[in-house]
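Colleague: I have not worked with this structure before. Please take one part of it and describe that part closely, with its surroundings.

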Amino acid sequence: MAEETLRAGQLIVIGGPMCGGKTPEFVQQIFKRRHQRRDLVIVTFAGSTRDYGEEGAIVSSQSGARILRSEVTHAFSETSLDEWWNKMVALYSHSLDHMASVLVGIEEAQFFPDLLCHVDRLVTLGALVVVAGLTTNANGEKWGQVLDLQSLSPEKWIQKNAICEHCHSVYGTMTARRLANAGESLSIVKVGGKEAYGALCRGCWAAREKYGFAGPKNLV
Ligand SMILES: [Zn+2]
């Protein structure tokens, strides 16, 4: 039996608000563990508008951390992990045991409605999985299934906090949506970066409407 089939899966989750440095941490965690698996597979969200101009970069942050297309075995841009899984099964169809030879990175994981079941399956098959995503939305509610990954007993959970944009506290744990004008209505789910979101500490978030951010009445 090949050594790969005996390998145990592992799950590393990077969660937190916008502007907390999740992407640089994701890149660091991927490259730190790259030698542990034969293949590197990166899954990003197809609706992402983030583009920092790096040629050939499939993951990039404003700080300059990036993963290049040439550095990975397979790169996928998806709206659903169900569709992605079908492609993975086709690629590794000779044996699902070979999933144990894969390091899988999933970024912007809050957008994948079927995250939990696929991550569960991957780690059960022995894959090393690194997931990064927002934990809550601009209304302070759980967003997607990133927090649900706690139920899989991750080997490591990395909470990234931002600097509060208003008072500069190091506990900028809350994501807030910017308003262009006071009365506007915004969709609560929006793909965007710093132009659309900021991070605030709990106290400033409670008063976010005073600081130009969307309150409950602005989010639909
Ligand atoms: Zn603050």
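Predicted model: local features only at pLDDT ≥ 70, side-chain atom pairs only at ≥ 80, totals over all residues.

Modeller: What follows looks at one strand, its neighbours and the core.

Residues are numbered from 1 along each chain as its sequence is written.

Helices (H or I, at least four residues) and strands (E, at least two) are DSSP runs, numbered from the N terminus. Across the protein, buried residues make up 40% of the 220 residues.

E2 pairs with two strands, E6 and E5; pairing requires that DSSP finds at least two bridges between the strands. With E6 (residues 102-106), the sense is parallel and there are 5 bridges. Within that pair, isoleucine 42 stands opposite glycine 105. E5 (residues 74-78) also runs parallel to E2, joined to it by 5 bridges, and there threonine 44 has serine 77 as its bridge partner.

Leaving out residues up to four places away in sequence, valine 104 touches Val41, Val43, Leu122, Ala127 and Val129.

Val104 is also among the residues with the most contacts inside the largest nonpolar core, together with Val119, Ala127, Val129, Val131 and Leu200. That core has 56 residues, a nonpolar core being a set of buried Ala, Val, Leu, Ile, Met, Phe, Trp, Tyr and Cys residues joined through C-beta atoms within 7 Å. Strand E7 (residues 128-134) supplies the largest share, 6 residues. At least three residues come from each of domain 1 (3-159) and domain 2 (174-218), with bounds taken from an automatic or database domain assignment. In soluble globular proteins, nonpolar side chains tend to be buried together.

As for the whole, the protein has 4 helices and 10 strands. Among contacts between residues at least 6 apart in sequence, 75% join residues at least 24 apart. On confidence, the average pLDDT is 90, and 93% of the residues score at least 70. Over residues 1-5, pLDDT stays under 50.

Note on methods. Buried ≥ 20, exposed ≤ 12 C-beta atoms within 10 Å, placed from the backbone. Contact = placed C-beta atoms within 7 Å. pLDDT = per-residue confidence, 0-100.
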